[in-house]
Amino acid sequence: MPETLQLQAIATVIGGHMEPADDFQGGVESVIRLDASYPLETLQGIEEFSHLVVVWHFHRASPDDVALHARSPRGNPRWPATGTFVHRNHRRPNQLAVSFPRLLRAEGRDLHVTDLDAVDGTPVIDLAPYFEHMGPRGPIHQPTWPAEMLTDYWTPAHQR
């Protein structure tokens with residue numbers, strides 16, 4: 001049996017996207033508000049970084065949404081059926097996501113960001129600055145379907 005973990009949210013997304021959407025995620029500003037139980041100094045120095053790594057929970061999803069079988073992304077039969085751990089959506093067992101928003105500014109407990117693809121009220125499980133030296137090493141390859149599927153992912157939301 002897999003180990004059970006108990007996690008607490010450290011922050012909450014305020015504003016930004018109001019409803020989950022598959023595309024048009026770009027250009028929306030939101031705030032990641034650190035919980036008051038954490039001292040302000042836990043954010044000291046974060047404004048020196050351009051991007052964050054944010055781990056968040058698909059809080060609007062239900063455990064009934066988890067799909068442990070191969071399926072075509074977005075239900076599109078043009079794309080191959082792939083397994084649960086090949087998708088990046090809420091149908092995952094722990095319903096967690098990782099995003100890399102741009103940090104605009106830090107004001108107290110509020111981290112103002114853009115291009116965070118979480119919705120208002122989303123619990124943030126963890127965050128850290130993005131270190132480019134810890135990013136992928138070597139050439140990156142992937143099949144063609146993710147690029148086809150995500151053509152409009154970062155299109156500005158106002159163009160929806």
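# Notes on strands, salt bridges and a pocket

1. Strands and helices here are DSSP runs (E, at least two residues, for strands; H or I, at least four, for helices), numbered from the N terminus. Two strands are called paired if DSSP finds at least two bridges between them. The model is a predicted one, where local features need pLDDT of at least 70 and side-chain atom pairs count only at pLDDT 80 or more, while totals for chains, interfaces and linings use all residues. Residues are numbered from 1 along each chain as its sequence is written, and side-chain values use heavy atoms, with hydrogens and water left out.

2. On its other pairing, β6 is joined to strand β5 (residues 102-107) by five bridges, and the two run antiparallel. L103 has V113 as its bridge partner in β6. The two strands make a hairpin with two residues between them, and G108 in that turn has a positive phi of about 60°.

3. How enclosed is β6 itself? Five of the five residues of this strand (residues 110-114) are buried, so β6 is largely enclosed by the rest of the structure. Buried means under 20% relative accessible area, exposed means over 50%, and partly exposed lies in between (1.4 Å probe, protein chains only). D110, H112 and T114 point one way from the strand, L111 and V113 point the other way, and all are buried.

4. The R33 and D110 pair deserves a look in your viewer. R33 stands opposite D110 in β6, and the two also form a salt bridge, with the closest N and O atoms 2.6 Å apart. R33 lies in strand β2 and D110 in strand β6, so the pair ties together parts that are 77 residues apart in sequence. A salt bridge here is a side-chain nitrogen of Lys or Arg within 4 Å of a carboxyl oxygen of Asp or Glu. D110 is buried, with a relative accessible area of 15%, whereas R33 is partly exposed at 37%.

5. How many salt bridges does a search of the whole structure find? The search finds five. One of them joins the side chains of R60 and E19 at 3.1 Å, N to O. This pair links distant parts of the chain, with R60 in the loop between β3 and β4 and E19 in the loop between β1 (11-14) and β2, 41 residues apart. R60 is partly exposed, with a relative accessible area of 44%, while E19 counts as exposed at 54%.

6. R74 forms a salt bridge with D22, the closest N and O atoms being 3.9 Å apart. Here too the pair links distant parts of the chain: R74 is in the loop between β3 and β4, D22 is in the loop between β1 and β2, and they are 52 residues apart. Both count as partly exposed, R74 at 36% relative accessibility and D22 at 48%. D22, D23 and R74 are linked in a network of salt bridges.

7. Turning to β3 (52-57), this strand has a covered face made of L52, V54 and W56 and an uncovered one made of V53, V55 and H57. It pairs with strand β7 (residues 123-129) in the antiparallel sense over five bridges, and four bridges join β3 to β4, also antiparallel.

8. The largest pocket has a volume of about 1,400 Å³. On a 1 Å grid over the protein atoms alone, a pocket is an open set of points where a 1.4 Å probe fits, with protein on both sides within 12 Å along at least five of seven lines, and lining residues have an atom within 4 Å of a point. Grid points are joined across faces, edges and corners, and the volume is the space filled by probe spheres set on the points. The lining has 44 residues, of which R88, N89, D117, L150 and Y153 lie nearest the centre. β3, β4 and α1 (145-149) each supply at least two lining residues, and β4 gives the most, with four.
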